[in-house]
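I opened my notebook to go through one model. I wanted to look up a strand, its partners and some charged pairs.

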Amino acid sequence: ADSTPALADVTNVRAGTDSAAEAADLGGANKNEPIDVVVDDEPTAREDWDGEGEGEATPEENLDEEDDDDEEKEEFVRGEAREEKEEGTKKKNATTTTTTTERLENEDDRPISLAFRGNSRGFLRQRVIPALRSLNRTDWDLDSDGATTPSGYMKLLARSKFCLHVRGTRVYAPRLVEAMLFGCVPVIIADGYDLPLSWFLDWDAFSVRMTEREGVNATRAAEIVDAADWREKHEALRRVVGFFMYHDPPVFGDALWATAAGIERQISRGRACENATARVL
């Protein structure tokens, strides 16, 4: 016969039994034999009890309980704050994603084919900008007086498909990257221009490049711009623009990473050159 007691029998075993086997011994060989449940009238003496009396607590214990309650309340408040923050972050991310999606879907709505804001300083600009403006293209916005507001400048870049970048009086100007950050494909007119990160980025994929001789020929320059596939170059630009953006804190693949990679490349090339020279000598 099975001597294992039923679940109801085990749960009613008096205090002092440590296992189901002992519970089975109390019930005997027949599992249907009733088990006597002993209920003591007097509380059992325990050495680990302080004996202060049931329901009573010392002032120190009361203070400890109050501290525990305060800690539980603080933890509860912190938990609620974390949940609210996470919920706010989720909503913000959802809004950002929606805005980004809408922006990308409306990229084709850029009404300006070619844009420029800046001055006409420099020999090349003095020839290129007036020549292009002489074509009187209504889909171009080429203003060379150098006067604009930040909001107006950003709005222009966001509404333009191609942005003109002509060599001026300085080695480098931020206009190039500014246009790229707003999704405007740069049209670069400069000979011998060492473009940023050109050692690992194919600028021909996301920009339009022409020689200075072509740039001063307005008709030829217009033909080159009109023949460029804006959709294809714009999509390529979206894939590489992250290399020109800084983040706080820095992230893998941003402008800081690209700069560090370029420095490491130059150091490696320098060491290789030194080693080659040493072998020759």
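My entries on strands and salt bridges follow.

**Ground rules.** I am working with a predicted model, where local features need pLDDT of at least 70, side-chain atom pairs count only at pLDDT 80 or more, and totals for chains, interfaces and linings use all residues. Residues are numbered from 1 along each chain as its sequence is written, and side-chain values use heavy atoms, with hydrogens and water left out.

**Entry: strand β1.** I began with β1, residues 112–117. My element names follow DSSP runs, numbered from the N terminus: helices are H or I with at least four residues, strands are E with at least two. Is β1 enclosed or open? Five of its six residues are buried, so the rest of the structure largely encloses β1. For burial I use relative accessible area: buried is under 20%, exposed is over 50%, and partly exposed is in between (1.4 Å probe, protein chains only).

**Entry: partners of β1.** I count two strands as paired if DSSP finds at least two bridges between them. I found β1 parallel to β3 (residues 160–166), with three bridges. There, A115 has C163 as its bridge partner. I also found β1 parallel to β2 (residues 140–143), with four bridges. R117 stands opposite D143 of β2.

**Entry: the crossover.** I traced β1, helix α4 (residues 123–133) and β2, and they make a right-handed β-α-β unit. Right-handed here means that, with the strands pointing away from the viewer, the path from the first strand over the helix to the second runs clockwise.

**Entry: salt bridges.** My rule is a side-chain nitrogen of Lys or Arg within 4 Å of a carboxyl oxygen of Asp or Glu. How many salt bridges does this rule give? The count is eight.

R117 came up again, in a salt bridge with D141, with the closest N and O atoms 3.0 Å apart. R117 lies in β1 and D141 in β2, so this pair ties together parts 24 residues apart in sequence. I noted R117 as buried, at 16% relative accessibility. D141 is partly exposed, at 24%.

Next I looked at E214 and R220, whose side chains meet at 4.0 Å, N to O. E214 is partly exposed at 24%, and R220 is partly exposed at 36%.

Then I checked R239 and E235, with closest N and O atoms 3.9 Å apart. Both lie in helix α10 (residues 230–240), four residues apart, about one turn of the helix. R239 is exposed at 59%, while E235 is partly exposed at 35%.

Last, I noted a network of salt bridges linking R137, D139 and D226.
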